[in-house]
Amino acid sequence: MMPRPLTTVCVTVLLSLSIGGLALAQAGKRHEQAVQQKPFGTRDGRPVNLYTLTNANGVEVDAMSYGGIILSVRVPDRKGQFADIVLGHENLDGYIPNPPYIGAVVGRYANRIANGTFILDGKTYTLPKNDGPNTLHGGVDKTFNKVVWDGEPLKGKAGVTFTYLSKDGDDGWPGNLKVRVTYTLTNDNELVIDYEATTDKATPINLSQHSYFNLAGEGTSDILNHELMLNADRFTPVDKNLIPTGELRPVKGTPLDFTKSTRVGARIDDPYDQMVLAHGYDHNWVINRKGGGLTLAARMYEPTSGRVLEVSTTQPGVQFYTGNFLDGTVTGKQGHVYKRRYGFCLETQHFPDSPNHPDFPTTILKPGETFHQKTVFKFSTQ
Ligand code: BGC
């Protein structure tokens with residue numbers, strides 16, 4: 001298949017038909033809402049495309065068909081200065097390999113499956129282990145973060161849909177699973193992520209997005225001065241292998257209580273057992289929700305830039321991960337070295353290891369059903 005030619009879909013032209021979204025983004029003026037597609041290299045013999053989504057405010061998101069990876073998110077601070085607020089690399093090669101899963105769609109099962117095994121309909125399934133005794137983010141081979149998806153720009157919107165067929169038996173998972181992930185950038189500065197999937201055999205599924213944010217600008221500092229609110233009264237404590245024990249523990253009185261906005265670094269090194277086990281925050285919070293609709297899960301604020309990220313989701317949980325395992329071995333955009341806690345992830349998800357916890361909300365998708373989840377990252381300033 002040949003790489004597609006550069007395509008631009010213009011939706012609203014606010015300033016001038018002749019000016020491209022990219023040039024305007026730098027100028028910090030008004031922009032056209034658009035998606036641009038360009039060839040971005042090849043992987044496994046297949047062309048990879050890069051999609052630049054631009055909205056009317058000049059906010060830009062770059063995403064590619066390799067791993068559904070979000071490479072950059074450029075948003076203004078309270079003075080209107082744009083910065084790229086996600087960790088990442090400038091080119092495809094930078095992501096090969098990508099041990100911290102920077103920017104990627106993770107699946108077939110985001111987060112951990114204990115001992116790389118689960119039982120479904122009486123049959124035991126064995127997955128490749130890649131995290132001590134566990135399977136993390138789907139396995140090792142054809143995981144969603146490192147395969148080439150098909151990309152299709154949205155018509156009439158600043159958006160792109162990625163589709164991928166995960167075959168029956170890939171990495172040990174049952175069923176041919178057709179997955180669609182759509183990124184849409186709205187003129188309200190929201191990045192909307194829609195996940196959809198169908199299968200021909202019952203299978204566990206848990207999809208998430210693994211962007212590392214730093215609202216002060218990627219590569220500038222650690223994220224300990226950010227202030228976080230989590231709409232969650234409980235979390236799922238973990239054992240030494242970071243597998244949920246099954247308990248839903250109240251956050252009250254623990255360093256995991258973010259029900260009121262609190263500096264991320266305030267309690268991150270407290271001697272509380274959960275903080276010690278995870279080397280910081282790396283836990284799943286149980287989102288307070290009434291019903292299955294879009295609910296605010298998290299609000300992160302960075303005081304020097306004034307940037308705010310709000311995360312809403314239909315999912316039951318959110319993994320707040322403070323990049324504890326970033327260790328300075330990854331060099332990203334502009335030569336920036338990504339050190340410990342230089343980025344945070346807010347991974348909306350089902351609870352880790354749900355297939356082995358019948359009490360957790362089910363993650364089993366059956367033939368004839370359609371899996372739907374939605375997450376919205378909303379960018380603003382304060
Ligand atoms: C996990 C971390 C893991 C990271 C991989 C997160 O989703 O919770 O424990 O190290 O992914 O980069």
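Where is the place of Asp-353? Asp-353 sits in the loop between strand E28 (345–349) and strand E29 (364–365).

First, some ground rules. This is a predicted model, in which local features need pLDDT of at least 70 and side-chain atom pairs count only at pLDDT 80 or more, while totals for chains, interfaces and linings use all residues. Residues are numbered from 1 along each chain as its sequence is written, and side-chain values use heavy atoms, with hydrogens and water left out.

Two terms will come up a lot. Strands are DSSP runs of E with at least two residues, numbered from the N terminus; helices are runs of H or I with at least four. Two strands pair if DSSP finds at least two bridges between them.

Let's start with the sheet of nine strands. It is open, and its order is E12-E13-E14-E15-E30-E24-E23-E18-E21. The pairing is antiparallel. What stands at the edges? Strand E12 (150–153) and strand E21 (262–263) do. Each has a single partner strand, so one side of each is left without a neighbour in the sheet.

E14 and strand E15 (residues 190–199) run antiparallel and are joined by nine bridges. Leu-185 has Leu-191 in E15 as its bridge partner. E14 and E15 form a hairpin, with four residues between them. In that turn, Asn-189 has a positive phi of about 60 degrees.

Next, E15 meets strand E30 (residues 371–381). These two are antiparallel too, over eight bridges. Leu-191 turns up again here: its bridge partner in E30 is Phe-377.

Further along, strand E23 (residues 295–301) and strand E24 (residues 307–313) run antiparallel, with six bridges joining them. Leu-296 stands opposite Ser-312 in E24.

On to the sheet of five strands. This one is also open, in the order E20-E19-E22-E25-E28, with antiparallel pairing. Strand E20 (249–250) and E28 stand at its edges, each with a single partner strand, so one side of each has no neighbour in the sheet. Strand E19 (residues 234–236) joins E20 through two bridges, running antiparallel. Arg-234 has Pro-250 as its bridge partner in E20.

Most residues other than glycine have a negative phi, and most peptide bonds are trans. Here are some exceptions.

Back to Asp-353. Its phi is positive, about 55 degrees, although it is not a glycine. Is Asp-353 buried or exposed? It counts as buried, at 2% relative accessibility. The cut-offs are these: buried means under 20% relative accessible area, exposed over 50%, and partly exposed in between, with a 1.4 Å probe and protein chains only.

Asp-171 has a phi near 55 degrees, again positive in a residue other than glycine. It lies in the loop between strand E13 (158–166) and strand E14 (177–185). Asp-171 is buried, at 9% relative accessible area.

Then the cis bonds. The peptide bond from Ile-96 to Pro-97 is cis, with omega near 0 degrees. Pro-97 is in the loop between strand E6 (82–84) and strand E7 (105–106). The bond from Gly-107 to Arg-108 is cis as well, with omega near 10 degrees. Arg-108 is in the loop between E7 and strand E8 (112–113).

One more aspartate: Asp-62, in strand E4 (residues 60–64). It is buried, with a relative accessible area of 11%. Its side chain makes a polar contact of 2.6 Å with the side chain of Thr-52. A polar contact is a pair of N or O atoms within 3.5 Å; within protein, one must be able to donate a hydrogen and the other to accept it, and residues adjacent in sequence count only if both atoms are side-chain atoms.

Finally, the ligand. Which residues surround it? Among them are His-137, His-210, Asp-282 and Phe-325, with a heavy atom within 4 Å as the cut-off. A polar side-chain atom of Tyr-212 lies 3.1 Å from one. For Gln-319, the distance is 3.2 Å. For Glu-347, it is 2.6 Å. The protein covers 95% of the 310 Å² of accessible area that the ligand has on its own. Those areas come from the Shrake-Rupley method with a 1.4 Å probe.

That's the tour. Thanks.
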